[in-house]
Amino acid sequence: MIQIKEISTKKELEEFVKFPFKLYKGNPYWVPPIINQEVAGFDKETNPVFEHADARFFLAIKGKEIVGRVAAIINNIEVKHQNVSRMRFGWIDFIDDLEVSKALIDKVEEIGRKAGLDFIEGPLGFSNLDKVGVLTEGFEIMSTMVTWYNYPYYAQHFKKLGLVPGQKFIETNFKLEDVDIAKYQKYASLIKRRYKLKAINFKSSREVLPYVEEMFHLFNTSYAKLSSFVPVSDKQIAYLKKKFISFVNPEYIKFIVDEKGKLVTFSITMPSFARALQKANGKLFPTGFLHLLYAKKYAKASVFFLIGIAPEYQKKGVTAIVFDEFFKTYSSKGVTKMIITPELEENKDIQLIWKNFKPQVHKRRCTMRMDITKK
C-alpha cells in the first residue's frame with residue numbers, strides 16, 4: 001500500500017529534494033541540484049513566487065521507504081487572470097511502480113478537483129523560469145542544470161494513467177565550428193549602423209546589476225504573446241537578482257542598447273555546470289564550490305538560457321550583434337559547443353534564430369495533461 005504524506009518542515013523538504021539522489025544514483029546523465037538552494041526555493045517565506053502561487057509537497061511512502069515525490073501547484077495569475085484552469089504538478093519522481101505514480105497523480109487531481117480546476121498538467125514549475133516537461137527522447141545525453149532528467153518509464157506511466165501530451169519542447173545543440181562567424185560579424189556591423197545600436201559587455205556581476213530590472217521587464221514584454229506565459233513580478237525580479245546573477249559568469253551576458261541607452265535585446269548564456277554539479281553531488285562544501293568555479297571559467301560548452309527582444313526590434317537581425325559578441329567571448333575561452341535549453345515547438349520565432357547554425361535536435365520533452373474528473 002502506498003501512503004501519500006504531505007510535508008512542510010525543512011527536514012521533510014530536504015528528504016523531498018534528496019529522493020532523486022537515491023533514484024538516480026550512478027546514472028551518468030542526471031545532474032543533481034545544490035540541495036540547500038533547492039530547499040530554499042521551496043521556502044514560502046522568502047521566495048516571492050508564492051505571492052501568486054500555492055504549492056503543496058508530497059512524498060510517496062511504501063513501508064518505511066520513500067518511493068516518490070510530487071509538488072502540486074496552483075499559479076493564481078494564470079487561473080484568476082488568464083482563465084487557465086490548470087492544476088500544475090512538478091518535481092515529480094517515482095520508482096518504476098505504477099501504483100506509486102498513480103497515487104501521486106491521484107493526489108494532484110484531488111487537489112485540483114477541490115480547487116474547482118479543469119485539468120492537471122506537468123511537469124511544470126511555479127513560473128516560466130522553472131524547469132519544464134518530461135523527457136521523451138535523449139535519455140543518454142547529459143542533462144543541464146536548468147532541465148529535469150527522468151527515466152524512459154516516466155512518460156509510459158503517464159500515458160497508462162490517462163495523461164496525454166500537452167506543450168511540446170525541443171532541445172538542440174550546435175558546434176561553433178559549423179557557424180560562419182565572419183558572416184555574423186559583417187551582418188552585426190550593418191545592423192549596428194542601421195539602427196544605431198551598441199553592445200554592452202560585462203566583466204563583473206556588479207556591472208550587470210543596474211540592468212537586471214530592465215532586463216526582466218523586457219523579458220515580460222517579449223514573451224507576453226505566448227499562450228503559457230506568466231509574467232515575472234518586481235519582487236521575483238529582486239529575488240532572482242540576488243539568487244542567480246552572481247552565479248552566472250558576467251562575460252556570458254550580452255546586452256544591446258539603442259542610441260539613448262535603452263535596452264532592446266539581452267541574452268544570458270552560462271558555462272555548462274553539468275559535470276561540476278555531478279562532482280559536487282548536491283553540496284557546495286567542502287569542495288563542491290571549487291568544481292563550480294572551475295566550470296565557470298573553463299567549461300568548453302555553453303548553455304543558452306534566455307533571450308529577450310523588444311517587439312519593435314524583432315525580426316530585424318539584432319540577434320546577429322548578440323551572437324557576434326558571444327563568438328568573441330567563446331573564442332577567447334575555448335568554448336566549442338552551445339546547448340539550447342527547451343524551446344516550445346510552437347515558438348517559431350525563436351527557432352528562426354538558430355536556422356543558420358545547423359542545430360541538431362538531441363532531446364524532446366513535453367508536458368502531460370489530463371482532464372479532472374468531476375465527482
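**Figure 1. Lys315 in the loop between β11 and α12.** Lys315 is found in the loop that runs between β11 (301–309) and α12 (319–333); helices (H or I, at least four residues) and strands (E, at least two) are DSSP runs, numbered from the N terminus. The model is predicted: local features need pLDDT of at least 70, side-chain atom pairs count only at pLDDT 80 or more, and totals for chains, interfaces and linings use all residues. Residues are numbered from 1 along each chain as its sequence is written, and side-chain values use heavy atoms, with hydrogens and water left out. Although Lys315 is not a glycine, its phi is positive, about 65°. Its relative accessible area is 71%, so Lys315 is exposed (exposed is over 50% relative accessible area, buried under 20%, partly exposed in between; 1.4 Å probe, protein chains only).

**Figure 2. Lys196 in the loop between α6 and β8.** The loop that holds Lys196 lies between α6 (181–195) and β8 (198–200). Lys196 is not a glycine, yet has a positive phi of about 55°. Lys196 counts as exposed because its relative accessibility is 51%.

Figure 3. Asp258 sits between β9 (253–257) and β10 (263–271). Asp258 is buried and has no salt bridge, a salt bridge being a side-chain nitrogen of Lys or Arg within 4 Å of a carboxyl oxygen of Asp or Glu. The nearest side chain of opposite charge is that of Lys262, 5.9 Å away (Lys and Arg count as positive, Asp and Glu as negative; His and the chain ends are not counted). The Asp258 side chain reaches two backbone nitrogens: that of Lys260 at 2.9 Å and that of Lys262 at 2.8 Å. With neighbours within four places in sequence left aside, Asp258 is in contact (heavy atoms within 4.5 Å) with Lys196, Leu197, Val264 and Tyr313.

Figure 4. The bond from Gly122 to Pro123 is cis, with omega near -5°. Pro123 belongs to the loop between β5 (119–122) and β6 (134–137). Phe285 and Pro286 are likewise joined by a cis peptide bond, with omega about 10°. Pro286 is in the loop between α10 (274–280) and α11 (288–298).

**Figure 5. Buried residues of helix α5.** In α5 (residues 153–160) the buried residues are Tyr153, Tyr154, Ala155, His157 and Phe158. Their cover includes α1 (10–23), β4 (86–94), α4 (98–114), β6 and β13 (360–371). Gly162, with a positive phi near 95°, follows α5.

Note on methods
A polar contact is a pair of N or O atoms within 3.5 Å; within protein, one must be able to donate a hydrogen and the other to accept it, and residues adjacent in sequence count only if both atoms are side-chain atoms.
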